[in-house]
Amino acid sequence: SEMDDAKRRRTEEQNAGQKQEGTEMKEEAVETADLKELEEDSKPDKRQVVQHDVQVETRDATLNVIPALGGRVLMPLTDGGLQYLVAGARANLGIKKGRYMFEVRIVEAHNPAEPPNSRSNNRPSGPRQLVRIGLSTQGSSLFLGETNDSICFDSEGFFTSEKKRVAVAQRFSREHTIGLLLNLDRKSDNVDTVSLFRNGERISAPQPLPEHLQDKPLFPHVNFKNVTLHLHFGPAPLAPLPFTCRTWQEAAKVDALVVSSTPKDGLFEALFPVGLPDEGTFDWLDMFLEKNPQYTEISDRMIVRWAEQSGLWRPKTSSWKNSNDKPDMNFGIPLMDDFSVRRVLSSIAAAQPRNYIIMEVKSNLINEERQELVRRFCAPPYKKVAVVVMGSPSSDFKERILDLILKEKQENLEQEWRNKKEEDERKKTIELQQKQLADAKRKAEEQANVGAVPKAKPEAGSDNKDGNASQMAIDGEGAKQPDEKGVETEAAGKKDEGGDADVKEEDDQDKKPEDEEEEEEAMPVAELSEEEKKLLFRKKSDTDLTMWVLSNSFPKFSIPEDSEGFDQIRYEWENESQSKEYLKQYILQKKVHCRIEDLQPSDWFRAKWSEWQKVLQEWHNKQSEYKETAKFKEKKAAEEAAAKKTAEESEEKKDEQGDEKMKEEKKDEKEKESGDDIFAVEDVCDVGTGEPLFARFTFEDWALLSLRLELLLLVHAFKKDVSDPERVGIHETHLPFYYQKYYRKTFNVKYYGVESNSALVDMVKDTVVIRPSDMVLEAQLSEEMDSFDIFVKLTEESRRERQRRMDAGDETVKLKFSKPETPPQKGAQQVTPRPYQVTVGGNAPMKGNTGSKGYFQPRPQQQDKGWYAGGNNKGTYGSKGAVTYGGLQGAAVGGKSYGGQQSYGGGKSYGGGNTYGKGYGK
């Protein structure tokens, strides 16, 4: 009902913030009964009037406006989230001079249903139904009050001019006929003013026009939301004013300017810009719209701006799926966030003849999606034009980009300068306050010291037995006391005077630096560097396409063809052949620098990886077995004894001959070891005496052995799986991504003691290298190999070389790997220290204490469900009633099973069950 609507509107007005541009809005009703009417009746005018019908044309209205009855009834679209967007419309006739009026009447109010899960704080501020009536210049924004090129009254009684909103009028609502009077008559006392009337009665005082609008043609303009409006331009007014006044339709031809949006040939253009992501796409679009304001942009960016202009709030933080082409709506309103607005606008746009520019970065670059967009504008009024914007930009675009970069740089410098100035002022204020407190404290202490008068104490032994003598003595002292006291007072006064002078002198010294005016740092002036002057495109905070969308779509990018349904193809920067060559090179470059998000390992890789894991486990077992043999232990003991002996001899032999002998012995040992041809070994598990070639491998050697195989296998598998000869390999920056995708484990170079991917690859450069020309990983070994022995040989050769350099005193080759913690063996109980005493046995007062959710310790390689291979076992230790604890049969340690039902430590509590140690004390 209307009463409920009024009650809801009052509640919304109380909750909505009424501040704009730092000016507080007042909502009191404005009394206009005592306003003296200064307007006079219009004099007869025999000049020729305009012959053109005054109406709202499609070009000068937002996409959610449906003009009817010759453009004089405006109905809004409210489906699919359009109920939240403000509609705007401007008439086609502007007034340059004279005094004229037009009228607006609210015919119908709409109350679209609210989605149940909308965030209430994200709804637009202000009432649900809104009307603004005003004037604007030709080609200005369709949203009144957004720029300085418009003025308006709104249904809440406010007047907006130069972005300032002030309460000046009474409110108006449904069934009211609202008249707006524009007075540009130089003979009138109210010249250059606008006034508002309701049902023929004045409800606002004349409001002055800004100076910059006084010499420009002004057009009737309305904004509205969830209402249907009737715009009446004459010739006879619906509600006559207290004085006679000509309506807009009766304007003299010399006083008016008629604007027509219909092209001469009757055809409207639908432009489809085709540009590469992050190469000036939206900068070119902004530049084009500034020069051609008659075009209407259709894009997701336009929808976001429209919503923000309508009062919808959107968080500044963006998600991973946010881009310039497809912004993350994130308004908290389902009908806005699910792209319902885009769906409605796409279906209605072609039905409103006007010039469009359809900005879809990805879709305009892909043949199939491009044809789908073109088919929407297949009606006769449209001329479909593809505009290719690729290659080296034009000179005016380069100048525009440099100006934008310089402007952005200047704004950043000014903001830093302001922040620094505010910080300096804050520090000075704090220092001044601290200094004032210190001065006040010092003065208080000095006053306390000066004001303290010491009391005279009687001297010992001055006991007078003779009362008269004593009295005479007192009288005598009393007679002398004034003189002495005067002397003391005078001295004290001089002292105090000197002290005050000292304090004053100190204060003057303290004030000297403050009195001296410090030279204020001038506002910095930004300048472009030589590198910035060479830039062709501007880098923005958000990319045109997300990495996921770009990597999956760029191989399908193409130049438009006539066969796709275009009436014309324009090339803005370079010609057709140059644009095609530029696009080809762009795709080749992206095939190196863009990763394949949906790439999956092939069966060939899985087979090779499974085979390698079996061989690696056999080698580990072989090394362990060999280390348990007597031969290995004897050899190790002999080496330790020889090393000890060598150390003792080095201490004893000081002369040069002894040192030379020791060097010769070490040299002979190294030559003997290096004399073994590693690559001539036929069986790496037995070099001839039962000793494997990898017998001396440590944890670091095994890690490098695995790294060699993993990187080589990754390089070969990538080429097989992409099956694209133009994808030359894995870029160095994408190594962690593909490593995790193939091996399902994290790739962290810091585990190997290095800081970059290139440094890590350099450790196994005998297997894989990074090609300097394009920074792509290149294999040094063929994918066809009979066995994996070559990796052991390469690792052993590297180990010996590293050991030789370390023996020579080169500590830089020492490996500093991070050894992961060894997980507990399968079936072994993990002992967890208890922070409290647990009673076991029949005297236990309760079944358990505290009962936490479990002591989960993740395994390094994504083992989330236990310490067992694969992470899928539910635990085998401590099945219910199967373990004896403390002599109590049938009392399970840890309840249902060790490790609980889902993960180590139990899905419910440590040891499973519901409390810590379920079964203790049963």
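Select Cys 245 to begin: this residue is buried, at a relative accessible area of 15% (buried is under 20% relative accessible area, exposed over 50%, partly exposed in between, with a 1.4 Å probe and protein chains only). Then pick Cys 594, which is also buried, with a relative accessible area of 4%. A search of the whole structure for disulfides returns zero (a disulfide being a pair of cysteine sulfur atoms within 2.5 Å).

The model is predicted: local features need pLDDT of at least 70 and side-chain atom pairs count only at pLDDT 80 or more, while totals for chains, interfaces and linings use all residues. Residues are numbered from 1 along each chain as its sequence is written, and side-chain values use heavy atoms, with hydrogens and water left out.

Ser 155 has 6% relative accessibility and so counts as buried. Setting aside neighbours within four places in sequence, Ser 155 is in contact with Leu 130, Val 131, Arg 171 and Phe 172 (contact means heavy atoms within 4.5 Å).

Show Phe 158 and Arg 165: the charged end of Arg 165 sits over the ring of Phe 158, 3.9 Å from its centre. The criterion is NZ of Lys or CZ of Arg within 6 Å of the ring centre and within 35 degrees of the ring normal. Lys 720 does likewise with Trp 604, its charged end sitting over the ring, 5.1 Å from the centre.

Now select helix H15, residues 699–722. Its 24 residues reach 34 Å from first C-alpha to last, close to the 34 Å expected at 1.5 Å a residue (the expected span is 1.5 Å times one less than the number of residues). Of the 24 residues, 20 are buried, so H15 is largely enclosed by the rest of the structure. Just after H15, Ser 723 takes a positive phi of about 45°.

Finish with the aromatic rings. The whole structure has 30 aromatic pairs (rings of Phe, Tyr and Trp, its six-membered ring, with centres within 6.5 Å; planes under 30 degrees apart are stacked, over 60 edge-to-face, the rest tilted). Phe 377 and Tyr 382 have ring centres 5.3 Å apart and planes at 80°, so this pair is edge-to-face. Both Phe 377 and Tyr 382 are buried. Phe 605 and Tyr 743 are edge-to-face because their planes lie at 65°, with centres 5.4 Å apart. That pair links distant parts of the chain, with Phe 605 in helix H12 (residues 603–627) and Tyr 743 in helix H16 (residues 735–743), 138 residues apart.

Terms used
Helix = DSSP H or I, 4+ residues; strand = E, 2+ residues; numbered from the N terminus.
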